[in-house]
Amino acid sequence: HCEQYVVTVSVDSVSFQKPIPLGDVITIECSVTRSFSTSVEVYVEVFSSDIKGGNSRRCNDAYFTFVAVEDDTKKPTEVPAVLPLTAEENKRYDEA
């Protein structure tokens with residue numbers, strides 16, 4: 001979304017709802033929930049399934065905040081606005 005380098009500023013409470021057994025395949029799904037002048041909030045969900053793709057389950061989620069930085073100076077730089085389209089995107093946008 002930012003089309004820039006970003007640095008992690010914070011991670012809001014990482015919640016583990018289910019354990020992830022050794023050998024499971026992990027899938028991470030992320031979406032930008034909102035942008036501010038130089039930062040973005042990203043919602044991250046982690047899913048686990050067995051090696052054949054069966055028994056898929058949501059195991060954890062968290063919100064990450066990143067700040068975009070310029071290539072050469074590494075100073076914060078502006079990021080594009082987020083345009084929520086779905087009801088769920090609007091909900092997360094308003095909650096950010």
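Author: Arg58 counts as partly exposed because its relative accessibility is 31%, and that class lies between buried (under 20% relative accessible area) and exposed (over 50%), computed with a 1.4 Å probe on protein chains only. The model is predicted, so local features need a pLDDT of at least 70 and side-chain atom pairs count only at 80 or more, while totals for chains, interfaces and linings use all residues. Residues are numbered from 1 along each chain as its sequence is written, and side-chain values use heavy atoms, with hydrogens and water left out.

The side chain of Arg58 meets that of Glu45 in a salt bridge, with 2.8 Å from N to O; the term requires a side-chain nitrogen of Lys or Arg within 4 Å of a carboxyl oxygen of Asp or Glu. This pair links distant parts of the chain, since Arg58 is in strand E4 and Glu45 is in strand E3, 13 residues apart. Strands (E, at least two residues) and helices (H or I, at least four) are DSSP runs, numbered from the N terminus. Glu45 is buried, because its relative accessible area is 16%. Glu45 is also the bridge partner, in E3, of Glu29.

The two strands belong to an open sheet of 4 strands in the order E1-E4-E3-E2, with antiparallel pairing; strands pair if DSSP finds at least two bridges between them. E1 (5–16) and E2 (25–35) each have a single partner strand, so they stand at the edges and one side of each is left without a neighbour in the sheet. Between E2 and E3 (residues 39–49) there are 10 bridges.

Helix H1 (residues 87–95) lies across E2, E3 and E4, where contact means heavy atoms within 4.5 Å. Within H1, Arg92 and Glu88 are 4 residues apart, about one turn of the helix. The whole structure has 5 salt bridges.

Methods: Axes are lines fitted to C-alpha atoms, for helices over the stretch in contact, and angles run from 0 to 180 degrees between N-to-C directions.
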